[in-house]
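Let's take a friendly look at the aromatic contacts in this model. Have the sequence and the 3D view ready.

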Amino acid sequence: MDLGIRGKIALVTGASQGIGRAIALGLAQEGARVLAVARSAEKLEHLVHEIKASGGEAKAIPTDLGKSEELEGLLAQIQPFGPIELFLANTGGPRPSPAQELSPMDFRQAAENLLYPLVRLMEGLLPGMKAQGFGRVLAITSLAVKEPIENLALSNTLRAAVTGYLKTLSREVAPHGITVNTLAPGYTLTERVAEVFEYRAKQQGTSLEAALAQQAQQIPTGRLGRPEEIADVALFLLSSRSSYLTGQTVVVDGGFTRSLL
Ligand code: NAD
């Protein structure tokens with residue numbers, strides 16, 4: 001299937017590792033020109049090198065999305081590339097903790113990292129998408145939006161906020177040819193999952209390997225996902241082919257969640 005994104009400009013945040021990196025690579029393989037954002041310049045340059053080595057186009061824009069001056073700098077740096085047509089909104093997950101061990105400030109900080117940058121970037125990107133009459137927005141959230149996960153209070157709270165914001169926005173911008181969706185990954189083998197399971201292993205007095213194996217047993221596929229398996233679904237949602245699919249949360253979790261819808 002031709003995804004119809006050759007030559008389009010794609011902004012990918014959280015692109016230096018894990019799910020975001022796999023999506024950046026996939027977009028470049030499909031011919032999109034990738035603007036790759038994350039904090040680590042070194043990891044981004046490695047990604048850009050890999051994309052260019054296989055004939056693709058990419059540029060690294062090191063940015064800490066949690067710092068408002070860097071966020072403004074990002075918006076200024078993408079300006080010369082013209083309207084962004086594809087936007088993959090991704091960033092790191094907040095630290096694991098039960099709700100009662102968090103302060104109000106922890107919630108404010110999590111909102112500043114997960115919600116504020118998304119809203120500000122949408123404010124900057126929407127005029128260009130509207131002028132083009134085309135846009136694809138996809139945010140990576142978590143299966144926590146279907147079933148909140150124990151000890152991930154910040155993630156459970158902020159992913160729901162992101163989903164509510166984007167669902168609202170999706171209906172407003174649909175007449176402009178812009179689709180807005182979220183992809184909720186299940187357990188996927190990345191650096192992030194290691195952090196979550198190290199915490200879980202410590203709580204249970206077991207090893208990281210044992211905690212991961214125990215989780216795998218509870219997933220119908222019998223294993224955790226690979227970042228490329230998440231990316232394959234994301235590529236379709238970011239493509240020209242998904243034009244009648246908007247305002248949705250697509251769960252990619254190996255069948256883990258039990259809810260009907
Ligand atoms: P990851 O931690 O491996 O990668 C996150 C990416 O975001 C990295 O490129 C990192 O550099 C970047 N990033 C983090 N903070 C940033 C900041 N302030 N500014 C700019 N970039 C920043 O995560 P992942 O496993 O690839 O997951 C991607 C998202 O999906 C995360 O939000 C994660 O919580 C969520 N998620 C992951 C899983 C999983 O099993 N891996 C499951 C459910 C949800």
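Predicted model: local features only at pLDDT ≥ 70, side-chain atom pairs only at ≥ 80, totals over all residues.

**Aromatic contacts**

Residues are numbered from 1 along each chain as its sequence is written, and side-chain values use heavy atoms, leaving out hydrogens and water.

Q: How many aromatic pairs does the structure hold?
A: Rings of Phe, Tyr and Trp (its six-membered ring) pair if their centres lie within 6.5 Å; planes under 30 degrees apart are stacked, over 60 edge-to-face, and the rest tilted. By that rule, the number of aromatic pairs here is two.

Q: What kind of pair do Tyr 187 and Phe 197 form?
A: Their ring centres are 5.5 Å apart. The planes meet at 75°, so the pair is edge-to-face.

Q: How many residues apart in sequence are the parts tied together by Tyr 187 and Phe 256?
A: These two rings also pair edge-to-face, at 5.4 Å centre to centre and 85° between the planes. Tyr 187 lies in the loop between E6 and H7, and Phe 256 in the segment after strand E7 (249–252), so the parts tied together are 69 residues apart. Here helices (H or I, at least four residues) and strands (E, at least two) are DSSP runs, numbered from the N terminus. The sequence separation, then, is 69 residues.

Q: Which residues form one aromatic cluster?
A: Tyr 187 pairs with Phe 197, and Tyr 187 also pairs with Phe 256. The cluster is formed by Tyr 187, Phe 197 and Phe 256.
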